Amino acid sequence: MRSARPVGLLLSAAAVVLWAYGMTTWQPLTEPLGPWSESLPGNNAYWARDLRFIAIMAVPLGLVLAGRGQLRWSQPAVALGGCWVAADIAIDRADPSGIEATVLLAVAGCGVLGVLATVLLWRERGGPLAADRKRLTGTACLAGVLMLVAVGIESPTDREPELNQGALATAALLVAAAVGAALAAAPARTRARVGLALGLTVVALLGVGLVRAAAPGTRLLPEAALGAVLLTGVTLLAWDWPGGRPIWWHHALAALIALVGPLVFLVAIAVPIMILLPIGATFTALAGNSPINAADSDVLLSLFGLLSGLAMSLLLARPRVEDRRLLR
């Protein structure tokens with residue numbers, strides 16, 4: 001896909017701006033006003049942190065798309081994401097807020113992104129390599145699962161309007177990343193695949209709006225349906241069509257995996273981490289924020305989404321028919 005590079009870089013830049021806005025506008029809304037025990041936050045109180053971390057993860061996803069899945073782009077992109085999380089914690093500790101801080105963080109973040117992209121483009125001066133279809137398909141699957149986490153985040157406070165804004169914006173960005181990466185992974189950019197990509201984008205964005213419109217606590221089934229539609233669409237876009245037609249029973253199996261897989265992986269990953277590793281509480285302490293009430297849990301949903309997305313990628317990132325035969 002010729003447009004993979006500009007689309008990927010544009011998505012990464014949009015993720016940077018979203019991260020900056022989340023840091024300076026949404027994060028202050030989640031922090032309690034006083035140190036008293038009755039003011040300690042509850043479950044999912046730091047929803048802005050999760051949305052911000054998901055936006056950070058979207059930066060490398062865009063770079064992988066821009067580099068057509070090649071390692072010379074993917075490895076620096078992942079390293080940038082890890083460094084960005086560390087920088088996020090330090091910046092969160094400084095409690096920036098206001099328009100000036102938003103602009104400053106956005107400009108600085110886009111500057112870092114621009115420098116890295118320039119270096120990577122210079123290294124590719126001999127000409128772009130062929131697309132790594134498997135890595136691009138995995139990127140699309142990861143973006144799809146992260147979208148589910150973003151669209152389903154809830155809050156124990158009365159900040160639902162601001163949370164809806166953040167969830168909708170983050171989920172929409174990840175829908176674009178998932179569809180873009182899947183189309184880039186396609187063996188050929190045919191009219192049928194482009195039309196499918198446009199239709200999938202519209203349906204997924206409508207689904208994101210419908211999930212957020214549902215009352216908190218009732219979003220599980222709509223989320224599962226949305227994930228099944230998006231991830232199945234990813235396989236239709238990215239996988240081979242022998243003879244010009246999809247192998248429908250392969251996609252039917254993928255649809256079943258997409259329906260139950262993300263939620264199963266999220267639960268299977270979240271439970272042992274919550275019991276054995278207080279990662280959320282560690283991040284909260286490092287950022288200088290108030291600890292979660294002892295009766296509740298300080299979870300890091302973005303981390304669970306990342307690990308679940310990687311697990312789904314192992315199952316669905318099989319664009320070639322030969323890749324899928326290995327599962328038999």
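Before the packing, a note on handedness: I call a crossing left-handed if the near helix is turned anticlockwise from the far one by less than a right angle, and right-handed if clockwise. This is a predicted model, where local features need pLDDT of at least 70 and side-chain atom pairs count only at pLDDT 80 or more, while totals for chains, interfaces and linings use all residues. Residues are numbered from 1 along each chain as its sequence is written, and side-chain values use heavy atoms, with hydrogens and water left out.

**Entry 1: H2 and H5**

I started with H2 and H5, and found that H2 passes H5 in a left-handed crossing. Their axes come within 10 Å and cross at roughly 160° (axes are lines fitted to C-alpha atoms, for helices over the stretch in contact, and angles run from 0 to 180 degrees between N-to-C directions). That angle makes H2 roughly antiparallel to H5, a label I use for angles over 145 degrees. Helices here are DSSP runs (H or I, at least four residues), numbered from the N terminus.

I then listed the contact, meaning heavy atoms within 4.5 Å. From H2 come Leu51, Ile54, Met57, Leu61, Val64 and Leu65, and from H5 come Leu136, Thr139, Leu142, Ala143, Leu146, Val149 and Ala150. For the classes, Ala, Val, Leu, Ile, Met, Phe, Trp, Tyr, Cys and Pro count as nonpolar, Asp, Glu, Lys and Arg as charged, and the others, Gly among them, as polar.

**Entry 2: H2 and H11**

Next I followed H2 to H11, where the axes come within 8 Å and cross at roughly 35°. Asp50, Phe53, Ile54 and Met57 of H2 touch Leu301, Ser302, Leu303 and Leu306 of H11. I noted six nonpolar, one polar and one charged residues there.

**Entry 3: H7 and H8**

How do H7 and H8 cross, left-handed or right-handed? I looked it up: the crossing of H7 and H8 is left-handed. The axes of H7 (residues 191–213) and H8 come within 10 Å at roughly 170°, which makes H7 roughly antiparallel to H8. Among the residues in contact are Leu200, Val203 and Gly207 of H7 and Leu226, Leu230 and Gly233 of H8. The tally by class is 15 nonpolar, two polar and two charged residues.

**Entry 4: pockets**

For the pockets, I worked on a 1 Å grid over the protein atoms alone: a pocket is an open set of points with protein on both sides within 12 Å along at least five of seven lines, and lining residues have an atom within 4 Å of a point. Grid points are joined across faces, edges and corners, and a volume is the space filled by probe spheres set on the points.

The largest pocket has a volume of about 700 Å³. Its lining has 28 residues, with Leu61, Val78, Leu142, Leu306 and Leu310 nearest its centre. H2, H3, H5, H10 and H11 each give two or more residues to that lining, which I sorted into 17 nonpolar, eight polar and three charged.

The second largest pocket, at about 530 Å³, has 19 lining residues, and Asn44, Gly152, Glu223, Leu266 and Leu301 lie nearest its centre. H9 gives the most to this lining, with five residues. The classes come to 12 nonpolar, four polar and three charged.

**Entry 5: the cavity**

Last, I counted one cavity of 30 Å³ or more, a cavity being a set of points where a 1.4 Å probe fits but cannot get out. About 40 Å³ of space lies in the largest cavity. Its lining includes Asn44, Trp47, Arg49, Asp50 and Asp298, and I noted five nonpolar, two polar and three charged residues in that lining.

Notes:
Parallel < 35°, antiparallel > 145°, perpendicular 65-115°, else oblique.
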